[in-house]
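Welcome, and thanks for taking a look at this one with us. The notes below go through a few local features, one theme at a time.

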Amino acid sequence: KMTQQMRDLQLAQARKPPGPSSPNAAKRLYRNLSGKFRVNYTSFDEGSLVGRGEKEKLRKSYLFQSNAALFEAVELQDLDRVQELLKQYSPEELDLNTPNSEGLLPLDIAIMTNNTPIARALLQAGAKESPHFVSLESRSLHLSTLVREAEQRVNELTAQVVNEAPNADCSEKEKQLKAWEWRFRLYKRMKAGFEHARVPDAPTNVHLSVASSSSVQVTFWEPLSVNSAVVTKYKVEWSCSPTFSPPLGEAVIDKLKNLHFTIQGLVSGTAYYVQVSAYNMKGWGPPQASVPPCAIPSNWREYDGRAPRRRGQAEALDHLLGQVKTVHQHCVCHEPCKNQPQSRKHSVSKSLKHLFHPGSKFLKTLKRGLYLTAIFYKDDNILVTHEDQIPVVEIDDTYSCLLMQDFLWFTKVSCMWDEILWLRQCVTVSQSSCSCILQTRFKMLLAISQMQGLLGIQDLGQVFFEPVKDKQGNILIVTLKEVKTNQTFESVRWVPIYKLQTSRKSVSSPEEPTALDMLLISVQDKLAYHQRSSHALSPGLYLGYLKLCSAVDQIRVLVPEQLPNILCHVKIRSNPNISREEWEWLQKMASAEEPVPAEPEADTSQNPLFHELQVAIKELMTLVNIPLQEAKDFRLYSQEVLDFGDQVSFLLLLPPSDDVCTAPGQNNPYTPRSGFLTLPLQIFELGEER
């Protein structure tokens with residue numbers, strides 16, 4: 001019996017010398033009473049241990065202590081301590097789902113004492129209920145046994161303390177008595193919590209949406225009342241019948257961090273009904289039907305049967321590039337290059353060791369001309385030459401006015417850093433034409449090859465969206481790349497950016513700084529742009545705002561500074577899929593001659609997408625500083641949904657046709673608030689692809 005086991009353990013503990021009395025004596029005694037926690041708490045000097053076996057024993061000893069500490073924190077309802085232990089140790093290290101000698105788990109204690117915050121923290125960490133409680137009767141019997149045996153032990157210890165003369169053994173038994181009295185009260189509280197609890201109410205806000213042509217997604221909230229017991233899992237059921245007879249399937253959700261579930265493998269065009277119910281230690285509560293009650297798996301493309309826009313495009317481009325290479329590979333100009341070693345294809349770690357030898361051709365100062373500079377950074381450090389200079393090579397010392405077409409061509413070349421040698425060979429074939437454009441672009445390729453050779457690395461990173469120009473006629477094309485390796489190198493050094501900025505001796509005046517000075521002053525902004533341009537949107541459906549402005553030689557697009565690779569946008573919902581029914585409704589709205597009324601009609605008011613769009617449009621107009629009354633003249637792009645993979649999709653909001661693109665000199669009455677910039681359209685397209 002459990003009582004006999006604890007009595008034997010108590011006798012073993014009584015042989016130990018008595019410790020000082022303290023308020024925590026009861027808790028320490030409980031740890032020693034449990035057979036699972038009988039470990040040696042003596043501090044070890046790990047450095048004196050020899051062999052892996054002893055170290056492993058020490059590690060297990062620490063983990064046993066952490067397990068005991070978790071039980072103690074849950075019993076004392078110490079939320080901060082529970083969260084600290086869950087953060088410090090993994091569920092496996094804590095033995096989170098291994099019952100103790102009383103057959104209890106930390107989650108059992110939390111839910112039967114109705115400690116909701118601790119129970120939720122444990123559930124999010126993956127805690128389960130004890131497998132011993134297979135029914136309500138078994139749980140009730142188990143709690144009654146714990147209470148009865150604890151009460152019996154209290155009575156025995158009380159009699160011993162009363163009848164024995166004061167001595168060391170008596171003092172130890174008084175400590176044991178206090179520990180058992182505390183445990184007796186805990187068990188009674190757990191038993192009362194179980195007896196007073198009832199099954200939970202139904203979940204709230206059960207929402208059903210179409211996730212794809214073969215799936216639907218259900219989201220829900222906790223019940224308004226859990227009836228004095230924490231909900232530990234949910235059940236999602238689905239059927240083709242509104243009576244759920246027969247049921248088609250069900251799924252139990254015991255990971256409660258996100259209350260949603262996607263039902264996969266459904267048949268397109270078939271209506272599915274869904275309901276959700278909640279569970280606590282008293283059993284399953286009543287089910288709650290979803291809103292809407294059913295959903296039909298579909299996708300907007302099924303409306304007219306169109307194929308994905310980008311299907312096969314990447315493969316087709318690779319095939320086309322292969323054909324072009326095949327045509328050029330037999331040219332005479334390629335023969336001298338075939339025997340060139342592949343020494344340029346170094347790894348970052350190898351190449352950076354050989355950076356910036358004294359005989360390198362990096363420039364210290366700029367003359368009037370066009371230059372290429374490469375910025376490699378790691379955290380707040382930047383890679384520099386032995387002369388504490390950012391790497392710069394010359395493109396053309398006679399080129400004082402960079403044409404936008406040449407710069408945009410360079411940005412496209414940045415998608416083919418590995419093919420620079422081949423591109424040089426192709427351009428060489430056409431040198432006889434003496435085209436100024438080809439001459440400039442050939443020099444660009446030479447400069448790229450020179451930079452790659454000096455750095456020993458082919459990937460120079462991403463081109464900054466505009467060159468740096470000064471009044472002396474210098475133009476810098478800037479590439480940016482983040483180095484994520486943690487290795488150290490002998491021949492180079494990482495210099496803190498602030499140190500490079502403060503230690504550089506400028507040779508220009510503050511009124512007319514050189515391009516290099518301008519680059520150093522603004523380097524943090526450029527690094528921030530580079531990092532932000534690689535951020536991805538969270539999954540969902542977004543409403544984007546397309547606004548262009550034109551100049552003599554380019555078209556620019558309005559983007560947010562925080563995500564310059566994406567149009568100005570707001571999130572409509574977390575589900576990226578537009579169903580066939582929703583797309584059909586959007587087509588009907590787009591073809592209507594009259595604008596959608598401010599007060600929706602009855603059929604429109606039942607469409608969740610209508611309300612989601614209303615909220616999103618108001619938020620977007622506020623974001624870009626356009627009065628809401630002007631939105632009545634705006635249009636939704638109804639030709640397609642812009643899909644970016646399977647997780648992100650966009651609906652586009654367009655200004656009136658005359659205002660989509662602002663011409664040079666045209667007045668724009670609505671200036672966006674701060675936090676926006678305009679990118680050349682080609683740069684935006686490249687960033688979007690990245």
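D95 sits in the loop that runs between helix 4 (79-88) and helix 5 (106-112); helices (H or I, at least four residues) and strands (E, at least two) are DSSP runs, numbered from the N terminus. The phi of D95 is near 50 degrees, a positive value in a residue other than glycine. With a relative accessibility of 25%, D95 counts as partly exposed; buried means under 20% relative accessible area, exposed over 50%, and partly exposed in between (1.4 Å probe, protein chains only).

This is a predicted model, where local features need pLDDT of at least 70 and side-chain atom pairs count only at pLDDT 80 or more, while totals for chains, interfaces and linings use all residues. Residues are numbered from 1 along each chain as its sequence is written, and side-chain values use heavy atoms, with hydrogens and water left out.

N205 also has a positive phi, near 50 degrees, and is a residue other than glycine. N205 belongs to strand 1 (residues 204-212), and its relative accessible area of 45% makes it partly exposed.

## Cis peptide bonds

Two prolines deserve a visit. S245 and P246 are joined by a cis peptide bond with omega about 5 degrees, and P246 lies in the loop between strand 3 (233-239) and strand 4 (249-253). The bond from V291 to P292 is cis too, with omega near -5 degrees; P292 is placed in strand 8 (residues 288-295).

Next, look for the open sheet of four strands, ordered 23-17-18-24 with mixed pairing. Strand 23 (661-662) and strand 24 (676-680) stand at the edges with a single partner strand each, so one side of each has no neighbour in the sheet. Two strands pair if DSSP finds at least two bridges between them.

Strand 17 (residues 548-550) and strand 18 (residues 555-560) pair in the antiparallel sense over three bridges. In strand 18, V557 is the bridge partner of L548.

## Helix 20 and its two sides

Which residues of helix 20 are buried? They are L609, F610, L613, A616, L620 and M621. Seen down the axis of helix 20, these buried residues fall within an arc of 130 degrees, so they line one face of the helix; the arc is that of the directions from the helix axis to the C-beta atoms. On the other side of helix 20, V615 and T622 are exposed.

After helix 20 comes N625, whose phi is positive, near 65 degrees.
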